[in-house]
Amino acid sequence: VIVEISEIHVRIEDTYGDSKIPCAMGFTLEDLSMSTVADTLAATFQVGGFDEKLRKLVKLERMGAYADFGSESISAGVPNGWASISHDDFVRRMSSVFSMRGQTSLARSKALVAPESYIFGPIQGNAMYVRRGQNDIESKSPMHQLQVNMDAIRINIRLSQLKVFWALNTRIKLSRIRHEYVFLRPKVTVMDDSLASWKFAI
């Protein structure tokens, strides 16, 4: 059994502060695969169920989370922005993070926006899961074994990112407070019932 997931890029864009500074946060995963392997680590197919020894190999390539503040939007340079960007152009720009690995920012095209400031990763590694077969009753090895090998895990937060995260946290707290009293908001405009609006404001 082989399962493969590749080139996943999730990105959220917005503006920050009174100056409407563009910001983007996202998650990237270049490749994730899981396969059943033999002793030689070559892919194999097993039909023996729990009677056979089972090995699962998982490989992870470049998974990370980023937060860019001041970066251009994915729709930058497109007439009318998000309203007119085509599906193919959108996919090409979102996928550029995988095709431009190793290139410097100066070498990148302005039409291909890629993450600049990773908070977590990108990391890569592999894991091996081994389940002992039920027929192997004389073995002293554990029924289940898991070995994980990961490259250096890097967490990096800049001061500018920390400021934005703090501001977002403050806004979320205020929204929760307002949510408790939203049912008191008048269903009519101020012009229709000014007294009710004043009561709500107080």
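**Nonpolar patch and aromatic pairs**

Me: Which element gives the largest share of the nonpolar patch?
Reply: Strand 5, with three residues. Keep in mind that this is a predicted model.

Me: What residues make the patch, and what is its area?
Reply: L146, V148, M150, I153, I155, I157, L159 and L162 make it. The area is about 820 Å². Strand 5 (144-150) and helix 2 (159-181) are the elements that give two or more residues to it.

Me: Where is L146, and is it buried or exposed?
Reply: L146 sits in strand 5. It is exposed, because its relative accessible area is 62% and the cut-off is over 50%.

Me: Switching to rings. How many aromatic pairs are there?
Reply: The structure holds three. One of them is Y66 with Y118. Their ring centres are 6.0 Å apart and the planes are at 70 degrees, so that pair is edge-to-face.

Me: Which strands do Y66 and Y118 come from?
Reply: Y66 is in strand 3 (residues 54-69) and Y118 in strand 4 (residues 118-131), so the pair ties together parts 52 residues apart in sequence.

Me: Are those two tyrosines, Y66 and Y118, buried or exposed?
Reply: Both Y66 and Y118 are buried.

Me: What about F69 and F165, how are their rings set?
Reply: Edge-to-face, because the planes are at 75 degrees. The centres are 6.2 Å apart. F69 is in strand 3 and F165 in helix 2, 96 residues apart, so this pair links distant parts of the chain.

Me: How accessible are F69 and F165?
Reply: F69 is partly exposed at 23% relative accessibility. F165 is partly exposed too, with a relative accessible area of 25%.

Technical notes. Residues are numbered from 1 along each chain as its sequence is written. This is a predicted model: local features need pLDDT of at least 70, side-chain atom pairs count only at pLDDT 80 or more; totals for chains, interfaces and linings use all residues. Side-chain values use heavy atoms; hydrogens and water are left out. Patches are made of residues with over 30% relative accessible area and no salt bridge: like charges are joined within 9 Å, nonpolar side chains (Val, Leu, Ile, Met, Phe, Trp, Tyr) within 5 Å. Accessible areas come from the Shrake-Rupley method with a 1.4 Å probe; for residues, only the protein chains shown count as cover. A salt bridge is a side-chain nitrogen of Lys or Arg within 4 Å of a carboxyl oxygen of Asp or Glu. Helices (H or I, at least four residues) and strands (E, at least two) are DSSP runs, numbered from the N terminus. Buried means under 20% relative accessible area, exposed over 50%, partly exposed in between (1.4 Å probe, protein chains only). Rings of Phe, Tyr and Trp (its six-membered ring) pair if their centres lie within 6.5 Å; planes under 30 degrees apart count as stacked, over 60 as edge-to-face and the rest as tilted.
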